[in-house]
Amino acid sequence: MTDAVKVGFVPFSAAPRGVLVVFCDDTLKFGPSTIKALGTAANAVKRAATMNQFKGKSGATLDILAPEGLKVGRLIVVGAGKLASLKDSDFIKLGGKVAAKISAGTEAVTVLAELPSGAMKGSQAALIASGIRLRAYRFVRYKTKKKDGDNAPLRTQFSIAVADVAAARKAFTPENHVVDGVLIARELVNEPPNVLFPAEFARRATQLRKLGVKVDVLDVKAMTKLGMGALLGVSQGSEHDGRTVIMRWNGGKPGEQPIAFVGKGVCFDTGGISIKPAGSMEDMKGDMGGAACVVGLMHALAARKAKVNVVGAIGLVENMPDGNAQRPGDIVTSMSGQTIEIINTDAEGRLVLADVLWYVAQKHKPKFMIDLATLTGAIMVALGVEYAGMFSNDDKLAERLTAAGQETGERVWRMPLGPEYDKQIDSQFADMKNTGSRNGGSITAAQFLQRFVDDTPWAHLDIAGTAMGVPASDLNRSWGSGYGVRLLNRLVADNYETKR
């Protein structure tokens with residue numbers, strides 16, 4: 001991973017190095033250890049705050065160079081806002097604000113994890129550390145000049161000063177694994193399509209074996225034997241054969257019913273014969289954001305040794321328009337036996353998911369399945385890039401996903417399902433069409449997928465607006481966002497892990 005920062009924890013008594021970062025509230029008050037560390041420099045902070053109209057609002061920063069009375073070269077004050085309203089998602093954003101103020105070439109940063117109300121808890125300091133790592137990530141692998149600015153990786157030692165070093169380290173260990181999962185997902189989405197084609201993606205997924213994840217890779221021969229005609233129809237126009245990867249983490253009780261996550265992995269999508277316009281087609285290297293999330297999530301769960309049995313499954317294809325590509329008008333037979341008339345070869349992701357969802361439902365009998373897919377532009381018309389669209393046949397699962405989204409900031413918005421929409425994908429020649437009209441495009445796509453989940457509780461997350469190309473945020477400046485890893489990890493941790 002392109003992640004060069006180092007984050008550790010030290011006691012409050014440790015001498016600050018390089019850049020000193022402290023926190024205040026919206027009344028410009030500091031905690032006792034911070035006041036002690038600032039000494040006479042507190043007067044300079046007051047003057048600078050007045051001159052810069054800094055009032056300590058959440059996320060606001062005050063930057064003072066060569067502060068008089070301190071042995072550090074720079075002092076940064078970060079506003080935490082009203083302390084009574086602080087949530088977990090606020091602490092991780094504060095960490096992002098810290099990293100955002102640090103430029104390449106800075107060797108050391110000391111962060112005093114204290115508020116006016118006192119020292120931060122170990123869990124809160126761990127979230128600060130997570131926010132630093134998430135915001136500091138840069139994808140610069142293919143840059144040949146990395147001396148400064150955005151091209152330079154941030155090679156900085158962040159020392160977070162806390163009241164209880166052991167508690168902070170213990171809290172950060174699982175959080176750090178989750179951050180690793182997010183960065184893995186970002187890395188996969190950011191890779192160019194000539195590097196990350198289906199076989200290479202599958203190879204990278206097999207690296208999870210090092211963590212104790214069982215990984216099986218199904219090639220064309222195996223998928224043909226299983227009858228995965230929907231997935232294979234998408235990949236038949238590419239020189240790169242498709243793959244299906246099944247990952248299993250058995251951290252729960254032996255024989256306990258697993259939970260399952262399924263990802264769309266279209267490594268590049270030209271649209272096939274229904275070819276896309278040239279403008280922004282390069283963005284279609286990110287059409288595997290759902291599969292990237294599933295791999296990152298499986299890493300996070302296995303690395304932190306989550307006490308749950310999990311199946312992760314990804315369908316990997318490349319949608320290309322050569323002489324062997326499937327045509328509009330073709331009819332394919334899915335693994336479920338249901339037939340599909342191809343109306344638009346650019347509605348390919350649902351074909352990939354159809355076979356993988358059916359495979360997982362029938363073979364692994366999970367408690368529930370959640371699929372993630374950069375599936376439709378229609379969901380971006382409806383929700384923009386702030387929420388992922390959520391469709392579900394199970395109210396409890398939908399409620400838990402919504403709650404996890406609010407806690408992590410990776411939010412979902414429930415969209416409707418209903419038999420009335422099925423009429424749009426009824427086919428004159430087959431059991432269904434792979435696309436309906438323009439109206440309700442994200443809904444009819446979800447209706448299509450629902451036909452392949454059998455009676456399994458299921459949720460579909462359309463992440464077309466949240467997985468890639470999103471505006472820079474407190475936690476991300478990368479084109480690939482890694483959306484979904486923290487959301488689903490929280491869902492699992494709060495609701496499905498065995499309590500021992």
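Is Y142 buried, partly exposed or exposed? With a relative accessible area of 45%, Y142 is partly exposed (buried is under 20%, exposed over 50% and partly exposed in between, with a 1.4 Å probe and protein chains only).

This is a predicted model, in which local features need pLDDT of at least 70 and side-chain atom pairs pLDDT 80 or more, while totals for chains, interfaces and linings use all residues. Residues are numbered from 1 along each chain as its sequence is written, and side-chain values use heavy atoms, without hydrogens and water.

**View 1. The aromatic pair of F139 and Y142.** The structure holds six aromatic pairs (ring centres of Phe, Tyr or Trp, the last by its six-membered ring, within 6.5 Å; planes under 30 degrees apart are stacked, over 60 edge-to-face, the rest tilted). The ring centres of F139 and Y142 are 5.9 Å apart and the planes stand at 55 degrees, so this pair is tilted. F139 is partly exposed, at 21% relative accessible area.

**View 2. The edge-to-face pair of F261 and F368.** Here the centres are 5.9 Å apart, with 80 degrees between the planes. F261 belongs to strand β11 (residues 259–269) and F368 to the loop between α10 (349–364) and β15 (369–373), so the pair ties together parts 107 residues apart in sequence (helices, H or I of at least four residues, and strands, E of at least two, are DSSP runs numbered from the N terminus). F261 is buried, at 0% relative accessible area, and F368 is buried at 2%. F261, F368 and Y496 form one aromatic cluster.
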